Amino acid sequence: MSFQSEKKLVSAFHAALDSAKEHEVQFVMSQFCASDLVWHGFQPFNQINGVEQVALQFWQPLKSRITNLQNRIDIMFAGQNSLSDDADIWVVSMGNLMGLFDQPWLDIRPTGKLAFLRYCAFYKIVEQRIVETAMYFDIPHLMVQAGQNPFPPQTAAHLLQPGPRTHDGLLFSEQPVEEGKKTMAVINAMIADLGQWDSGFSLEDELARSWHDDMIWWGPEGIGATYTIERYSKQHSGPFRASFKDRTKTKHVCRLAEGHYGGFFGWPNFTAVPTGGFMGMPATGKASEFRVIDIYRRAGDKLAENWIFIDLLHFWKGQGVDILARTTGIETPCG
């Protein structure tokens with residue numbers, strides 16, 4: 001199958017949104033999206049139904065507060081959802097929404113300076129219309145840019161997360177089918193090893209089955225990025241596994257690959273119970289959801305880079321901690 005028309009649709013949608021004024025957003029969205037669009041976003045937006053409400057609740061406020069907004073895309077690919085029996089076609093884009101942070105957004109104080117909202121979006125396309133979107137974005141990273149760090153020191157390092165080392169993430173042209181199959185196979189093997197965090201191997205040996213030694217894990221604000229299998233196991237994977245119990249099986253809504261790139265999202269991906277220590281917080285004995293997007297770049301027969309979006313605001317809300325309220329003084333609704 002060719003996914004060129006779907007990629008062109010999403011590219012045109014991005015361009016139209018970039019140039020649209022605040023009052024034009026709803027009209028622009030109606031040109032590209034089904035009227036009953038289902039939109040999954042991070043806390044405090046959560047699920048929004050209908051083009052009008054997505055425009056009113058997310059895009060219009062964002063564009064009026066982070067002005068001159070432009071979508072700077074680092075990765076785009078498309079494919080058929082490998083988890084669906086139907087011919088579900090999705091387009092994935094990842095990058096940064098960049099603009100001037102001129103007015104408070106979610107009661108995060110403005111800086112009057114350049115700001116980046118790191119994001120990744122999955123678009124389901126049916127008859128040349130976007131009918132469903134999962135758009136995940138790193139709000140805590142924007143808070144740090146505004147001088148309102150909501151978390152204690154992180155185990156890894158969060159800088160401005162760049163695009164692929166190989167600078168080849170924009171798959172605007174058609175890709176060899178076999179390359180996408182290879183990428184999907186490696187991702188599936190990695191997921192199978194992950195399982196219940198008990199593959200039968202040591203952590204580093206488990207990771208080496210599907211990752212290059214010089215892997216890069218581009219994690220979210222609050223956890224950070226880490227480089228090489230050794231440091232990833234020490235700075236994220238090991239501490240994360242040690243901080244939870246009763247992890248449910250992974251459940252994804254969509255999983256796809258094209259060329260050397262692939263990824264997935266869940267709503268949620270899994271739940272787990274904190275045993276203490278994660279992000280400096282105590283054990284609660286209460287399960288919470290992890291909403292996650294993972295994007296991968298394959299090099300040869302193993303994974304080389306991974307970009308991760310985790311709704312930490314939603315996770316901690318489920319633990320009874322409203323990160324936005326604690327940092328800005330404004331309570332957010334439950335999702």
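Analyst: One aromatic cluster is made up of W39, F42, F45, F58, W59, W90, W105, F122, Y136, F137, F265 and W267. Rings of Phe, Tyr and Trp (its six-membered ring) pair here if their centres lie within 6.5 Å; planes under 30 degrees apart count as stacked, over 60 as edge-to-face and the rest as tilted. By this rule there are 32 aromatic pairs.

The model is predicted: local features need pLDDT of at least 70, side-chain atom pairs count only at pLDDT 80 or more, and totals for chains, interfaces and linings use all residues. Residues are numbered from 1 along each chain as its sequence is written, and side-chain values use heavy atoms, with hydrogens and water left out.

F122 belongs to strand β5 and F265 to strand β11 (residues 261-265), so the pair ties together parts 143 residues apart in sequence. Helices (H or I, at least four residues) and strands (E, at least two) are DSSP runs, numbered from the N terminus. Both F122 and F265 are buried, where buried means under 20% relative accessible area, exposed over 50% and partly exposed in between (1.4 Å probe, protein chains only).

Strand β5 is in an open sheet of 6 strands with the order β2-β1-β6-β5-β4-β3 and mixed pairing. Its edge strands, β2 (47-49) and β3 (66-80), each pair on one side only. Two strands pair if DSSP finds at least two bridges between them. Strands β3 and β4 (residues 89-101) run antiparallel and are joined by 12 bridges; I75 has M94 as its bridge partner in β4. Helix α1 (residues 4-19) lies across β1 (33-41), β3, β4, β5 (114-126) and β6 (129-137), at about 175° to β3. Such angles run from 0 to 180 degrees between N-to-C directions, with axes as lines fitted to C-alpha atoms, for helices over the stretch in contact.

Strand β11 is in an open sheet of 6 strands in the order β8-β7-β15-β14-β11-β10, again with mixed pairing. Here the edge strands are β8 (226-227) and β10 (254-258), each pairing on one side only.

A further pair is F244 with F290: the ring centres are 5.5 Å apart and the planes at 80°, so it is also edge-to-face. F244 lies in strand β9 (residues 244-245) and F290 in strand β13 (residues 288-290), so parts 46 residues apart in sequence are tied together. F244 counts as buried at 6% relative accessibility, and F290 does at 1%. Leaving out residues up to four places away in sequence, F290 touches F240, F244, P268, N269, F270, A272, F278, I310 and F315, contact being heavy atoms within 4.5 Å.

F122 and F290 are also among the residues that touch the most other members of the largest nonpolar core, which has 101 residues. A nonpolar core is a set of buried Ala, Val, Leu, Ile, Met, Phe, Trp, Tyr and Cys residues joined through side-chain atoms within 4.5 Å. Strand β5 supplies the largest share of this core, 8 residues.

The charged end of R291 sits over the ring of W267, 3.9 Å from its centre, and that of R247 over the ring of F270 at 4.1 Å. The criterion is NZ of Lys or CZ of Arg within 6 Å of the ring centre and within 35 degrees of the ring normal.
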